Each structure stands twice: as structure tokens, then as C-alpha cells.
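Come along while I look things up one at a time.

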Amino acid sequence: MSWLLLLFAGLLEVCWAVGLKYTQGFTRPLPTVLTISAIVASLVLLEAASRTLPIGTAYAVWVGIGAFGAAIAGIFLFGEPATPARLGFLALLVVSILGLKLSSS
């Protein structure tokens, strides 16, 4: 169950990271409220997952999911470059996340 909570926490991190772009410096009310809500929900789920998972693993996976998702969202939503090197390093990030999951007891 903790890994599922952590997955959702990471997905919400992607949402708030992307949401920051839409807040335009927290001047747009609806994107600001949605982004802040996603931040709070993401942290609450991270805290719940870290009750049973080691904090180092939970935090690294949470950040990894967020970084991977934000980078992919940037490519598709904002036209950021999808160079072979960038995609290769994102693949390494996925391998690292999976490795942490598989090596956890």
C-alpha cells in the first residue's frame, strides 16, 4: 500500500511542478489553488508512505517520479527538447526508481 501511496504522491508532484508554469508567479487564482492543493496532497501522501518505507527510499522515488514526469510533461506540453541524451538520462532515472523499489525489503 505504501508504494501505491508513493506513486500517487509522485504523480501529484508532477502535477504541481507543471502547475507552477500555469500560475504565472501565483497571479492566476485557479491554477494557484490547484497547484497548492497538489503540493499539499503530494506531501501528505509522501508522509503516509514514509511511515513504513525508509525515508531515503521514499524521498528518492518521490523526487524521481516528479523529475521524470515533469521532464516528459515539458517535452509534450511546452515543446522542450527531447534529445537522445536527455531521453537516455530519463531512462536511467526510471531504472534507478525501479532499482530502489526492487531493492527495498
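**Entry 1: the overall fold.** Before counting, I noted that helices (H or I, at least four residues) and strands (E, at least two) are DSSP runs, numbered from the N terminus. With that in hand, I found four helices and zero strands in the protein chain. I also reminded myself that this is a predicted model. Reading along the sequence, I wrote down the pattern α-α-α-α.

**Entry 2: extent and burial.** I looked up the box that the C-alpha atoms fill, and along the principal axes it comes to roughly 45 × 35 × 15 Å. Then I asked what share of the 105 residues is buried. My note says that buried residues make up 31% of the protein chain.

**Entry 3: helix α1 and its neighbour.** I turned to α1, which covers residues 2–23, and to α2, which covers residues 29–49. Two packed helices are described by the angle between their axes and the distance between the axes. For α1 and α2, I jotted down an angle of about 155° and axes 8 Å apart. Angles over 145 degrees count as roughly antiparallel, so α1 and α2 are roughly antiparallel to each other.

**Entry 4: two residues of α1.** Is Gly19 buried or exposed? Gly19 sits in helix α1, and its relative accessible area of 11% is under the 20% limit, so I marked Gly19 as buried. I also checked Gly19 against Leu90: they are 71 residues apart in sequence, and their C-alpha atoms are 21 Å apart in space. Leu4 belongs to helix α1 too, but I listed Leu4 as partly exposed because its relative accessibility is 42%.

**Entry 5: salt bridges.** How many salt bridges does the structure hold? I recorded two.

- Arg51 pairs with Glu47, and their closest N and O atoms are 2.9 Å apart. I marked Arg51 as exposed, at 62% relative accessibility, whereas Glu47 is partly exposed at 39%.
- Arg86 pairs with Glu80, with 3.2 Å between the closest N and O atoms.

Terms used: Residues are numbered from 1 along each chain as its sequence is written. This is a predicted model: local features need pLDDT of at least 70, side-chain atom pairs count only at pLDDT 80 or more; totals for chains, interfaces and linings use all residues. Side-chain values use heavy atoms; hydrogens and water are left out. Buried means under 20% relative accessible area, exposed over 50%, partly exposed in between (1.4 Å probe, protein chains only). Axes are lines fitted to C-alpha atoms, for helices over the stretch in contact, and angles run from 0 to 180 degrees between N-to-C directions. Angles under 35 degrees count as roughly parallel, over 145 as roughly antiparallel, 65 to 115 as roughly perpendicular and the rest as oblique. A salt bridge is a side-chain nitrogen of Lys or Arg within 4 Å of a carboxyl oxygen of Asp or Glu.
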